[in-house]
Amino acid sequence: MKSFRVTEFNAPLTEVDIATPKPEGTQVLLKVKAAGVCHSDLHIWEGGYDLGHGRKLSLKDRGVSLPLTMGHETVGEVVAFGPEAKGVAVGDVRLVYPWLGCGKCDTCLAGDENMCIVKPNSIGVYCDGGYADHITVRHPRYLLDLKGLDPVTAAPYACSGVTTYSAIKKLETVLDRPIVIFGAGGLGLMALSLLKAMGGKGAIVVDIDANKRKAAEEAGALASVDGAAPDALQQIMSKAGGPILGVIDLVGNAATAALGFDCLSKGGKLVVVGLFGGGAPWALPLIPIKAITIQGSYVGNLRETQELIDLVREKGIAPIPVTTRPLSQADASLKDLQQGKLVGRAVLVP
């Protein structure tokens, strides 16, 4: 099998050829049909996160070891499975749920493996993922039936899809009025599609990139605002036409977090999803004075991913724009993403 691996942080990916593994026990081997290139992959490739105030979060210190094949948005076709794998057949096309935990702690047993703190084992983060022509998954329960959905456009549901779905659910009590979404990349466009399907009023989208704002408007945003404009706050509040009680920050830097907080009315909620990095910008007294809720949202669990697939099929949700590229362009795709050249999602097709 061929894969493109991180062998050194901040260095070009390395092409590797090894024997295709044979699945054992409950393991399932899939031939990769599509693998999304996610912004989180950039942080893995860089080796950590900027925590602000001169601090860094090292992924190496958190158990991420090299060499590593990234890729957590993967669709594959089953080609083999171990003797203990049940409910799966050769030829099945499945979306891989990647946010695995230890599978044994109370959190995992409750269905929230994405929140496991005992031994996170996310595919493409802690173990090898989809930047390859084959991938091994430890159990069939992590393989979701796409039932005819296009593998290329469905691959992002494993991350950008379930991430935005889970974030929107955290605002479900205020979706009858406009919310604000920061970021019009792959996640932002996904959020707009899901928000409509979930019965939401709509969203004002904030992004500093004019092309991405245009894409957001074409995807159904109520309005868009340049986050770098001197009067961005006034524009957001004016276009909302009333109190703003929900904000989803898909960027997650100091500027977006501050602007998102400032535009909220009393009792509002800021859901922080993005991992761009930086330190918290909020004046602490204003948190209780405005009775603001600040909540983090990390991807989503297996149940939410199945709910998402069912919603996509039931509502006929249009996919986000994708650009297909051969697996050999994995490194170039990462660099294009880093430089902000991609609209929607790049998807590698072996």
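The protein is divided into domain 1 (2-159 + 300-348) and domain 2 (161-296), with bounds that come from an automatic or database domain assignment. This is a predicted model, in which local features need pLDDT of at least 70 and side-chain atom pairs count only at pLDDT 80 or more, while totals for chains, interfaces and linings use all residues. Residues are numbered from 1 along each chain as its sequence is written, and side-chain values use heavy atoms, with hydrogens and water left out.

Biologist: What makes a residue part of the contact, and how many does each domain give?

Modeller: Contact means heavy atoms within 4.5 Å; 30 residues from domain 1 and 23 residues from domain 2 take part.

Biologist: What is the area buried between domain 1 and domain 2?

Modeller: Buried area is the accessible area (1.4 Å probe) that two parts lose on being put together, summed over both. Here that area is about 2000 Å², and carbon and sulfur atoms give 64% of it. In domain 1, the most area is lost to domain 2 by C159, E304 and I320, together 22% of what that side buries.

Biologist: Why is the meeting of E307 and K169 called a salt bridge?

Modeller: The term requires a side-chain nitrogen of Lys or Arg within 4 Å of a carboxyl oxygen of Asp or Glu. The side chains of E307 and K169 meet at 3.2 Å, N to O, and therefore qualify. Across the interface of domain 1 and domain 2, the rule finds two salt bridges.
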